[in-house]
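Dear colleague,

I am passing a structure on to you, together with some notes on what was found in it. Please look through the sequence and the structure first, and then read the notes beside them.

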Amino acid sequence: MDDLTKDRVEQLIDCIMKKCLWQFHSRTWDRERQNENILRMTTQILCDEAFDAKTLEDKCYWVDAVCLADDYKKKFTWLLGIEKSEIKLIMQEVKNRLDYLTITGSLNEELNDPLY
Amino acid sequence: MPYHLFKCSESIPEREKHSVIKGPGEDITSALPLGYLNTIPGSLSERGCAYCGAKHVIGTPMKDVIHMSHGPIGCTYDTWQTKRYISDNDNFQLKYTFATDMKEQNIVFGAEKMLKKNILEAFKAFPTMKRMTIYQTCASALIGDDIGAIADEIMEEMPDVDIFVCNSPGFGGPSQSGGHHKINIAWMNQKVGTVEPEITSDYVINYVGEYNIQGDQEVMQDFFKRMGIQILSTFTGNGSYDDLRGMHRAQLNVLECARSAEYICNELRVRYGIPRLDIDGFGFEPLSSSLRKVAMFFGIEDRAEAIITEETARWKPELDWYKARLTHKKVCLWPGGSKLWHWANVLHEEMGIDIVSVYTKFGHQQDMEKGISRCEEGALAIDDPNELENMEAMETLEPDIILTGKRPGEVAKKVRVPYLNAHAYHNGPWKGYEGWVRFARDIYNGIYSPIHKLSLLDISKDEIPTDVGFETQRMLSDVNLSDEVKNSTILREYTGEYDCIKGLRDKIYPEYLTKKVSEAV
Ligand code: SF4
């Protein structure tokens, strides 16, 4: 990752860590599905791709994604000036970094408890 | 992020893994305090017990219920004066405390008969109350009283009553958090699904992890009602027992305090497919985004936007008045379990306050992950602190105010550090737009009260200046402000009512027809 991309990824991550709560569900399997679904939908919104949330669960991910995408557009105007393919690349890096911070690199000893 | 061992805890080296300092450029994968572990012997913890977590925190805010403790009277100590979860039925649950008052002879001979007698007496004394919760304590758990069997007997004899039994004795977990967990799961297993609720709106939520401290629930309920959303149940502040039996029919669980109530949301998600949306009712921006999300879930964004615009226009100039006077004040954010992350970032952004330390008495590592992520570099994070560590932290960090509970708060006062009650509030509610301004006002009043300066003088040895007159809060707070801010015609102090909840109780709300009804017309 070049320095510019790294810096941009960190800006987007910082926004999630300071403003959102959805990435901190209590178990690994929860965090995996939250990160996966919300960031996938956020990327789709940022890339103007149509998305139809059918189930209640999808809708719930979707509202978090819409708010995050709005926040991103407001705070990081550089997002508006780059290609969709680049947005996708950056968002993939955001997903990798978030998975590391909240799942694979997390020091939270309760994450793999089989029960709630 | 280096772990931090307090000087005063050098004789308990295990404490080192319970606190960290957030270093520049570091994140939660480099160090995270341990959490939700038994308190280390020798450490004077500020925690409550698992019975306290189950009953005093989660069970008792239910309003139309006789809450009975099966144990010694002392277990109910934390009731009347410490809790402020009000309700719109004249605070029944605050006014009356019930305990079976177990004594030595009950320990020897058993206390089931006495429990039954107490239950009957209580129902007789309050004939309109048909619901009861019973809480096990250490004593009744140790002698093995079968509370469930007694409750079943009574329900058979009195078919119009319903009883919930919570087996969460004080020793049933490292802290009150063990009790939160137990009562969440017990309610889910025993009661959810036993009542079919009446659905009156197309948009139906459970509002979970909200305890109506000084009216917080009623403030949030007002927003939801204005949007035409039906709150099927509130878990548990100002909540009704039978409403909470019908939680399984909601379309969405809106979760406020994840620390105390995420378990029931998770179970509702797994067992009934109801999704969980975590929200923040504190602070203008988090609250606005929360209302927006709930509304968007139902496709009624315009209703949320109308509220956000109206409330922000009304209250923002007042919040900014306080922000101008609170910027760069240093705060130790030392609540119980969830407010460290609810408040850390938003206090900084919306009131300009610097958070120099966060702690949690009973939080889990998950709460520390959230809290540390949300505070700025240099903050000291402590899990399950002891009193001496707090004193040392206050000496080194020199905070302007502490947001914490009553017990550590009173200790802080003795070393002349003002404190606000983070659990029960000072002049709440603190949720909602107006509530957030009331919180700012309380912080302002705490920091700038002239008494703190006066109290630093020791009349037995210090020279008392006689050439200075009295000082007011404004004289202290405005000393370094620019004329532009001081004389602003836009910014203003809080102008709300002394009691901002009363008016909400008789308010008339817009009627939104359900799709079914409007199609039929
Ligand atoms: S620890 Fe046991 S005896 Fe003490 S208050 Fe809690 S339940 Fe009662």
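Before anything else, a word on burial: a residue is called buried when its relative accessible area is under 20%, exposed when that area is over 50%, and partly exposed in between, with a 1.4 Å probe and protein chains only. By that rule Ser455(B), whose relative accessible area is 24%, is partly exposed.

Please keep in mind that this is a predicted model, in which local features need pLDDT of at least 70 and side-chain atom pairs count only at pLDDT 80 or more, while totals for chains, interfaces and linings use all residues. Residues are numbered from 1 along each chain as its sequence is written, chains are lettered from A and ligands numbered from 1 in the order in which they are written, and side-chain values use heavy atoms, with hydrogens and water left out.

The helices (H or I, at least four residues) and strands (E, at least two) named below are DSSP runs, numbered from the N terminus. Ser455(B) lies in one of these helices, α18 of chain B, which covers residues 450-455. Between Ser455(B) and Lys413(B) there are 9.9 Å in space, C-alpha to C-alpha, although the two are 42 residues apart in sequence.

Now to the sheets, where two strands are said to pair if DSSP finds at least two bridges between them. One open sheet in chain B has four strands in the order β3-β2-β4-β5, with parallel pairing. Its edge strands are β3 (98-99) and β5 (162-166) of chain B, each of which pairs on one side only. Five bridges link β4 (residues 131-136) of chain B with β5(B) in the parallel sense, and Thr133(B) stands opposite Phe164(B) of β5(B).

Helix α6 (residues 147-157) of chain B touches β2 (66-70), β4 and β5 of chain B, and its direction makes about 180° with that of β5(B). Helix α7 (residues 176-190) of chain B touches β4 and β5 of chain B, and its direction makes about 145° with that of β5(B).

Strand β11 (residues 354-360) of chain B runs parallel to β12(B), with four bridges between them; here Thr360(B) stands opposite Asp383(B), and Ser357(B) stands opposite Leu380(B). Both faces of β12(B) are covered, as Leu380(B) and Ile382(B) on one side and Ala381(B) and Asp383(B) on the other are all buried.

Which residues lie around the ligand? They are Cys49(B), Tyr51(B), Cys75(B), Thr137(B), Cys138(B) and Gly170(B), a residue being near a molecule if one of its heavy atoms lies within 4 Å of it. This shell divides into four nonpolar, two polar and no charged residues, where Ala, Val, Leu, Ile, Met, Phe, Trp, Tyr, Cys and Pro count as nonpolar, Asp, Glu, Lys and Arg as charged, and the others, Gly among them, as polar.

Finally, some notes on the backbone. Most residues other than glycine have a negative phi, and most peptide bonds are trans. Gln214(B), however, has a positive phi near 45°; this residue lies in the loop between β6 (204-210) and α8 (216-226) of chain B and is buried, with a relative accessible area of 14%. Asp384(B) has a positive phi near 40°, and at 3% relative accessibility Asp384(B) also counts as buried. The peptide bond from Phe235(B) to Thr236(B) is cis, with omega near 0°, and Thr236(B) is found in strand β7 (residues 230-236) of chain B.

With kind regards

Methods. Contact means heavy atoms within 4.5 Å. Axes are lines fitted to C-alpha atoms, for helices over the stretch in contact, and angles run from 0 to 180 degrees between N-to-C directions.
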